[in-house]
Amino acid sequence: MVVTRASGGGGGDGDEYRSSDYVHSTFGSRYMQGPIPKWRMPVQTIPKEAAYQIINDELMLDGTPRLNLASFVTTWMEPECDKLIMASINKNYVDMDEYPVTTEIQNRCVNMIAHLFNAPVGDDEVAVGVGTVGSSEAIMLAGLAFKRKWQQKRKADGKPFDKPNIVTGANVQVCWEKFARYFEVELKEVKLKEGYYVMDPEKAVEMVDENTICVAAILGSTLTGEFEDVKKVNELLTKKNKETGWDTPIHVDAASGGFIAPFLYPDLEWDFRLPLVKSINVSGHKYGLVYAGVGWVVWRSKDDLPDELIFHINYLGSDQPTFTLNFSKGSSQIIAQYYQFIRLGFEGYKSIMINCMENAKVLKEGIKKTGHFDIVSKDIGVPLVAFSLKDSSRYTVFNIADSFRRFGWIVPAYTMPADAQHIAVLRVVIREDFSCSLAERLVSDIDKVLKEMDSLPSHIMSSERAHVALIENDDHVNKTVKQIQDDVTRHWKRFVKESKTGVC
Ligand SMILES: *Cc1c(COP(=O)(O)O)cnc(C)c1O
């Protein structure tokens, strides 16, 4: 039997021998009595059962992932796949020479995705692409490839190459802003307007100049799920390139739509069928149906990925090309992606996406029926419902989002980017595991929340005001509802400007 001298810490009672700590109930042990170590590594060791229990219990206070309607990221997979994930959790993906099968599996995934996106890959050719941690890393790599290609061309032409820019819509996901800032590329954003929440192709192409390294179009806007008109961008840009002699390419950010469009809208031309589309990213962990930690970027051809971005390492064995930002990472997600591809096949993905769309429809109809909301999302796009309040004079979408929490639902509310900041919406993302019965339950909870809100004195006068007062340290007692609403709008505008949206 292990006998230990417990001294100090953990709320224990000092110098007594407590051999029973190791054999009796975890909850009965002294490890569960005192405050848990937080900011400094504790001096002493504790039993594994106690460590497990402490952390497990604290995590109970997190939200329930499957009720998190804010995120596109997968929250459910089949137990067989969970088994594969756990079996490979100790495999470092970068050790390609040691784990050649895992490397081969990633290459199979890249090729499947390239074909799904209609890359011009011959029968005896392999596609060019790589697995990443998510679309953000994929976008960094694609952006770097464009920047390098553009610089090479400018240098060859004897022209300045220090002011690269990218043209996008103001609705881009925050990772594009990261790319712009980290890699010193100016982001030229096409402003939105009320009722039109994606990049306007005409305006985008107008903004293109000789320093534009690419136009980034989004297949499935994060905010409304709407597909941008990539075909139109391709058409207008082809014309502009012809007139100017430039060579401006297109990148498609298909983080969420890349695994929707091929199955639901096979005739929609958004991918490598359009000649100017040189690279596409997609999140394996969104509608690729894998847990968080996998994304993909695929290039049209070898020529579109400059050699200088590829590193060759040999200290782990043979020569290995690598072109990711990180070095080490887990292998599980890539293996899980391959599981989904071969398990579901085209047929399986298609039926899952059809179900998601059907459930989105049920939810949309239910929300419409309340009479309180305008639907902002479109019928064609990523399966989500974005909706705004018709009348925000008594309470706002932010109050509604707060109230949903009481029912366990996590539904984000946010304002639109410039120039539609005055529109605030709620958004529910429909994932594979969000069933029709959950959709119906959500609708009935929305009804309950609205009834409660309608019966209470104006929320603008209470929580929002307290919120604003806290932030502005101001006295609002004598302000009119209109003034308070202006304050709220100002607060949210500032919040959005500082942090972009909290949606992912
Ligand atoms: C989610 C998302 C991203 C970021 O993807 P991660 O896989 O979370 O890094 C980029 N663009 C769009 C349009 C997205 O929806």
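Which residues come nearest to the ligand, of the 15 around it? They are Gly134, Ser135, Ser136, Gln173 and Ala255, where a residue counts as near a molecule if its C-beta atom, placed from the backbone, lies within 6 Å of it. The shell divides into five nonpolar residues, nine polar and one charged; here Ala, Val, Leu, Ile, Met, Phe, Trp, Tyr, Cys and Pro count as nonpolar, Asp, Glu, Lys and Arg as charged, and the others, Gly among them, as polar.

Before I go on, a word on what we are looking at. This is a predicted model, in which local features need pLDDT of at least 70 and side-chain atom pairs count only at pLDDT 80 or more, while totals for chains, interfaces and linings use all residues. Residues are numbered from 1 along each chain as its sequence is written.

Let me turn to Lys286, which UniProt, in an unreviewed entry, lists for "modified residue: N6-(pyridoxal phosphate)lysine"; UniProt positions are given in the numbering used here, feature names are shortened, and annotations may be inferred rather than shown by experiment. Lys286 lies in the loop between strand E6 (277-283) and strand E7 (295-299), with helices (H or I, at least four residues) and strands (E, at least two) taken as DSSP runs and numbered from the N terminus. Lys286 counts as buried because it has 29 C-beta neighbours inside 10 Å; the cut-offs are 20 or more other C-beta atoms within 10 Å for buried, 12 or fewer for exposed, and partly exposed in between, with C-beta atoms placed from the backbone. Leaving aside neighbours within four places in sequence, Lys286 is in contact with Phe72, Val73, Ala255 and Ser256, contact meaning that the C-beta atoms, placed from the backbone, lie within 7 Å.

Now the overall fold. The protein has 13 helices and 13 strands, and buried residues make up 40% of its 504 residues. Among contacts between residues at least 6 apart in sequence, 68% join residues at least 24 apart.

If we leave out residues up to four places away in sequence, Val425 touches Val376, Ala386, Phe387, Ser388, Val397, Ala413, Tyr414 and Met416.

One of those partners, Val397, takes us to helix H10 (residues 397-406), which is largely enclosed by the rest of the structure because seven of its 10 residues are buried. The buried ones are Val397, Phe398, Asn399, Ile400, Ala401, Ser403 and Phe404. Just after H10, Gly408 takes a positive phi of about 95°.

Next, the backbone geometry that I would check by eye. Most residues other than glycine have a negative phi, and most peptide bonds are trans. Against that background, a cis peptide bond joins Ala418 and Asp419, with omega about -5°, and Asp419 sits in the loop between strand E12 (413-415) and strand E13 (424-429). His422 is in the loop between E12 and E13 as well, and it counts as exposed because it has 12 C-beta neighbours inside 10 Å. The C-alpha atoms of His422 and Glu194 are separated by 8.5 Å, although the two residues are 228 apart along the chain.

Two non-glycine residues have positive phi values. Asn118, with phi near 60°, is found in the loop between helix H3 (100-116) and strand E1 (128-132), and with 18 C-beta neighbours inside 10 Å it counts as partly exposed. Glu184, with phi of about 55°, belongs to the loop between helix H5 (174-182) and strand E3 (186-190), and its 11 C-beta neighbours inside 10 Å make it exposed.

I will finish with Gly330, in the loop between strand E9 (320-322) and H9. Gly330 and Ile89 are 241 residues apart in sequence, yet 6.4 Å apart in space from C-alpha to C-alpha. Apart from neighbours within four places in sequence, the contacts of Gly330 are Ile89, Tyr93 and Gly293.

Note on methods
Two residues are in contact if their C-beta atoms, placed from the backbone, lie within 7 Å.
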